[in-house]
Amino acid sequence: QVQLVESGGGSVQAGGSLRLSCAASGYTYGTYYMSWFRQAPGKEREGVAAIYTGSGHTFYADSVKGRFTISQDSAKKTLYLQMNALKPEDTAMYYCAATSVGRRINWWETYEYNYWGQGTQVTVSS
């Protein structure tokens, strides 16, 4: 059974940094997409960043380019999201997601993923 467990959320002031982690178990780590999504109250869940775990190729939403960095530790089966220069609009529940298909996907679409973590809250105050 695949489990994704996020950690690292918290409350910070604008301009601060946080690093989120997503530990994967029961998951064949290696040739699929893993991503970070976020959902603010009253808004739809949106894709933040993704990584193709086989090649390490990364993808980012325009709103976080240059501020967030997605990375992985394959040996530990852990996904990370380093978030710098945080803004109040980054406040949301952040979710880790993973696919079990090897084809190219629309990484920013929630329907492409069949495994989800429980989420970790990030709150940025001005």
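**Close-up views of a predicted model**

View 1. R67 is found in the loop between strands β6 (57-60) and β7 (68-73); strands are DSSP runs of E of at least two residues, numbered from the N terminus. This is a predicted model, in which local features need pLDDT of at least 70 and side-chain atom pairs count only at pLDDT 80 or more, while totals for chains, interfaces and linings use all residues. Residues are numbered from 1 along each chain as its sequence is written, and side-chain values use heavy atoms, with hydrogens and water left out. With a relative accessible area of 10%, R67 is buried (under 20% relative accessible area, 1.4 Å probe, protein chains only). Residues up to four places away in sequence aside, R67 touches Q82, M83, N84, A85, L86, K87 and D90 (heavy atoms within 4.5 Å).

**View 2. The aromatic pair F37 and Y113.** Seven aromatic pairs are found in a search of the whole structure (ring centres of Phe, Tyr or Trp, the last by its six-membered ring, within 6.5 Å). The ring centres of F37 and Y113 are 5.2 Å apart and the planes lie at 80 degrees, so this pair is edge-to-face (planes over 60 degrees apart). Because F37 belongs to strand β4 (residues 33-39) and Y113 to the loop between β9 (92-98) and β10 (115-116), the pair ties together parts 76 residues apart in sequence. F37 is buried at 0% relative accessible area, and Y113 is buried at 6%.

**View 3. The ring cluster.** Y33, Y52, F59, W107 and W108 are linked into a cluster by ring pairs.

**View 4. R45 over two rings.** The charged end of R45 sits over the ring of Y95, 3.7 Å from its centre (for Arg, CZ within 6 Å of the ring centre and within 35 degrees of the ring normal). R45 also lies over the face of W116, 4.9 Å from the ring centre.

Notes. Helix = DSSP H or I, 4+ residues; strand = E, 2+ residues; numbered from the N terminus. Buried < 20%, exposed > 50% of the residue type's maximum accessible area, 1.4 Å probe, protein only. Phe/Tyr/Trp six-rings, centres within 6.5 Å; stacked < 30°, edge-to-face > 60°.
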